[in-house]
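Here is a briefing on one structure. Start with the view below, then go through the points by topic.

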Amino acid sequence: MNSTIKLLDLAAKKFGNKIGYEDEWEEISFNELRKKAMIIGTKLVNQLSPDQLISPVIVYMPKNIKCIVSYMGIQYSGNPYVPVDSNIPLARLQKIIDNLNPGAIITDKDHIAKLEDIHLGKTIAYLYDDIVEGSIDNEVIESVVQKVIDTDPIYIMYTSGSTGEPKGVTISHRGVIDYANWVVETFGFDNNTIMANQAPFYFDNSIFEIYGCLVCGGKMVLIPEVLMMFPVKLPEFLEFHEINTIFWVPTVMINVANSGALSKHKLPLLKTVTFCGEIMPNKQLNIWRREHPDCLYANLYGPTEITDVCTYYIVDREFEDSDPLPIGKACKNTRIIVLNDNNQIAKIGEIGELCVIGTGLGLGYWGNKEATKKAFVQNPANPYYNELIYRTGDLAYIDQEGLIMILGRMDSQIKLRGNRIELGEIEKAAACIDGIKRTCAIFNLQKEEIVLFVETPKEFTLRKINMELLKYIPRYMLPHKLISLENFPHTANDKIDRVTLQKTYFE
Amino acid sequence: MEIKKILSDFIKSNFEIGDDPDFTDDAHLFDMGFVDSLGATEIILFVEEQWNIEITQRDLVLYPMNTVGEIADVILGKLA
């Protein structure tokens, strides 16, 4: 298979008018999805400049079925799609557009006005309602899709960059084709599978459901964004929509467990409970297991750079609340190695950096050779042929049983409620605020909160600072605490003394 | 009137808002940073207990509850 869009062709053939996707406003069958996507594909092929090798297309809309239609339509035009948060700060969107040089951007009536403040260059802006109307040119689409090869990019997802510039992780068709098939095989999904999707579409956990559904003919039900604020109400949602499968970020699993709502809703239909995105504590997993003992539980792991997931652990034994949960073993067509400080393969039990090899490996960061070269490197343990590995920056070891255990980060990147955050990006954004001289963001591990230190003669409140920060960084990156100082402590070579800040204010 | 007062007193005292002049019955609690995402649940649980009503997942999806005024409207509807 050369293009992921062939999965939609197959799904339409096999499952036809069966409903594949449902949101709070509408539902859509595989046939209808294919038809609408082909209209979009036809328009894009005819209107994007043919002199450019590849024209990524941004989709800038709130999470709904229209986004999925757009992603598929863009693939029919032979181009990669780029999901962005509909609440993205405009300064960040501008950075993405400058880095990406997209051919087009698909948006809706509520968001098109915001683009007036953006320098679009040659990028064409389309309203979804316009681009989805028209005719299909089968010949044009077929010839374009045939030209795609499976190492071409299918999507680009932007993640936090420590320099303040978001990095566009570029993923190939073959990564997604392989992953979607693996998901369906591993968890035995079929056309009775109904998944409640939690992950935003600019977060690659959503690949599990979007493409898993195409392979198995199941249904993906989008949880309305507003409900994500009320974990206590999620079991009621699962019951109402007869959900049997979930793939959620641990924070949501934890909040649901802590809310006590699991004991109120028996959820007899729920069969498969999978999670990924950060460390899942056994304490809350045990609450799920006690309330729903017949479900299959699986802990998945993977950074965006390797197509969502590269290891998995199907929970097969009891764990104490304080035990760590393994991330298990490599997925199909994937190999995991742990490299120690000397860049050699670590022994059993020895801690090192977790590195990934395999089909899912991303193509690098879009238009950012430097960052790509640092993270995607030749396997130092292989002197014989070209074999790229992705260095995750995660610390891990492999135990006696061959199970991978994850420990934390090697750098200042943090995971908070499943979101990957570079503290440097927060510091860069805060430094843009008038009256602030220097900034320092530190994660308070014990309290699980981001503390922003600012060097300023002015008086600021956290809320006011956060309102300013929202111009540059997304809401999930906002600090939880603000400490204003007239002068920062500094080290002998005049750097900000982070250790002293931490000691003085966290203990 | 009464409902809005009880509600805004609860939010003010629970989220350390003090006498911030931006905090009104029409202020967007979340967009304006008065309440974070974890606080949303606290407010709903308070409302359910205080007025002995149930706010279902469908209510949350169908009706906007981003301001003191909007939440009060939902409460009024439930009590009617």
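Between which helix and which strand of chain A does the loop with A:Glu242 lie? That loop lies between helix H10 (234-240) and strand E11 (245-248) of chain A. The model is predicted.

- A:Glu242 has a phi near 55°. That is a positive value in a residue other than glycine.
- A:Glu242 is partly exposed, because 14 other C-beta atoms lie within 10 Å. Exposed would need 12 or fewer, and buried 20 or more.
- A:Asn343 also carries a positive phi, of about 65°, although it is not a glycine.
- The loop that holds A:Asn343 runs between strand E16 (334-339) and strand E17 (352-358) of chain A.
- A:Asn343 has 11 C-beta neighbours inside 10 Å, so this residue counts as exposed.

**The nine-stranded sheet of chain A**
- Nine strands form an open sheet with mixed pairing. Their order is E2-E1-E10-E9-E11-E12-E13-E14-E15 (chain A).
- Strand E2 (27-29) and strand E15 (329-330) of chain A stand at the edges. Each has a single partner strand, so one side of each lacks a neighbour in the sheet.
- Helix H2 of chain A packs on this sheet. H2(A) touches strand E1 (19-22) and E2 of chain A, and its direction makes about 90° with that of E2(A).

**Strand pairs within the sheet**
- E11(A) pairs with strand E12 (residues 272-275) of chain A. The sense is parallel, over four bridges.
- A:Trp248 stands opposite A:Phe275 in E12(A).
- Strand E13 (residues 296-301) and strand E14 (residues 311-314) of chain A pair in the antiparallel sense. Four bridges join E13(A) and E14(A).
- Opposite A:Asn299 stands A:Tyr313 in E14(A).
- E14(A) and E15(A) run antiparallel and are joined by two bridges.
- A:Tyr312 has A:Lys329 in E15(A) as its bridge partner.

**Helix pair H1 and H2 of chain A**
- Helix H1 (residues 5-15) packs against helix H2 (residues 30-47) of chain A. The angle is about 140°, and the axes are 8 Å apart.
- H1(A) and H2(A) are therefore oblique to each other. Roughly antiparallel would need an angle over 145 degrees.
- The crossing of H1(A) past H2(A) is left-handed.
- From H1(A), the contact uses A:Leu8, A:Asp9, A:Ala11, A:Ala12 and A:Phe15. These meet A:Phe30, A:Asn31, A:Leu33, A:Arg34 and A:Ala37 in H2(A).
- The residues of the contact between H1(A) and H2(A) split into seven nonpolar, one polar and two charged.

**Contact between chains A and B**
- Chain B brings nine residues to the contact, and chain A brings 15 residues.
- On the side of chain B that touches chain A, helix H2 (37-51) and helix H3 (57-62) of chain B each supply at least two residues.
- H2(B) gives the most to that side, with four residues.
- The side of chain B that touches chain A has four nonpolar, five polar and no charged residues.

Key:
Residues are numbered from 1 along each chain as its sequence is written. Chains are lettered from A and ligands numbered from 1 in the order in which they are written. This is a predicted model: local features need pLDDT of at least 70, side-chain atom pairs count only at pLDDT 80 or more; totals for chains, interfaces and linings use all residues. Axes are lines fitted to C-alpha atoms, for helices over the stretch in contact, and angles run from 0 to 180 degrees between N-to-C directions. Angles under 35 degrees count as roughly parallel, over 145 as roughly antiparallel, 65 to 115 as roughly perpendicular and the rest as oblique. A crossing is left-handed if the near helix is turned anticlockwise from the far one by less than a right angle, and right-handed if clockwise. Two residues are in contact if their C-beta atoms, placed from the backbone, lie within 7 Å. Ala, Val, Leu, Ile, Met, Phe, Trp, Tyr, Cys and Pro count as nonpolar, Asp, Glu, Lys and Arg as charged, and the others, Gly among them, as polar. Two strands pair if DSSP finds at least two bridges between them.
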